[in-house]
Amino acid sequence: MSHIDALLQCVDEQSELLNDFIQVLEAEGALLLETPSNEALGALTVRKNDYARRLGELDQARAATLADMGQADDRAGIDAVCALHPDLRIAFDMLFERAAQASTLNQDNGQILKTFMDHNQQALDTLRGLMGQDLYDARGRLSKK
């Protein structure tokens, strides 16, 4: 298999994997907007970690193939290879588009989680403050102060 064929196959695999990853991120976002269960979030986290691992492996394979072609695994190296082999441009553009979409979804989900955690922290802080005021007696009933 030529370097070009190997590179195209790797980029196509990354794009397909990113499509699946995007679906998981969308499912995570929808779940976070509901009342998520720990089990469901845990399962999605396991899947996300698996996708991240597999995408990392494909990144390494792409970098190795580009290095074999005398190019760096950066925008300049990719542009140089695409200039010599224009058929690669569509595949790389699709990969970059999918990666940007996944990044945006992941950031959005992170913001939802941060908001949720901030809200929970505020509730805990409020409860801690109230607990210091002896709201309940030893029997768990409201104090009559």
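Me: Hi! What's the relative accessible area of Asp59?
Reply: Asp59 has 32%, so it counts as partly exposed. Buried means under 20% relative accessible area, exposed means over 50%, and partly exposed is in between (1.4 Å probe, protein chains only).

Me: Got it. What am I looking at, though?
Reply: This is a predicted model: local features need pLDDT of at least 70, side-chain atom pairs count only at pLDDT 80 or more, and totals for chains, interfaces and linings use all residues. Residues are numbered from 1 along each chain as its sequence is written, and side-chain values use heavy atoms, with hydrogens and water left out.

Me: Back to Asp59. Which residue does it form a salt bridge with?
Reply: With Arg62, and their closest N and O atoms are 3.1 Å apart. A salt bridge here is a side-chain nitrogen of Lys or Arg within 4 Å of a carboxyl oxygen of Asp or Glu. Asp59 and Arg62 both sit in helix α2, three residues apart, which is about one turn of the helix. Helices (H or I, at least four residues) and strands (E, at least two) are DSSP runs, numbered from the N terminus.

Me: And Arg62, buried or exposed?
Reply: Buried, at 10% relative accessible area.

Me: How many salt bridges are there in the whole structure?
Reply: A search finds nine. One of them joins Lys48 and Glu28, at 3.1 Å from N to O. That pair links distant parts of the chain, 20 residues apart: Lys48 is in helix α2 (residues 38-68) and Glu28 in helix α1 (residues 3-33). Lys48 is buried at 16%, and Glu28 is buried at 4%.

Me: What about Asp118, which partner does it have?
Reply: Lys114, with 2.8 Å between N and O. They are four residues apart in helix α4 (residues 87-131), so about one helical turn separates them.

Me: Which residues are joined into one network?
Reply: Asp50, Arg53, Arg54 and Glu57, through salt bridges that share partners.

Me: New topic: how many aromatic pairs are there?
Reply: Two. Phe21 and Tyr51 have ring centres 5.9 Å apart and planes at 55°, so that pair is tilted. Rings of Phe, Tyr and Trp (its six-membered ring) pair if their centres lie within 6.5 Å; planes under 30 degrees apart are stacked, over 60 edge-to-face, and the rest tilted. Phe21 is in helix α1 and Tyr51 in helix α2, 30 residues apart.

Me: And how does the pair of Phe92 and Phe96 sit?
Reply: Tilted, with 5.9 Å centre to centre and 40° between the planes. Phe92 is buried at 0%, while Phe96 is partly exposed at 26%.
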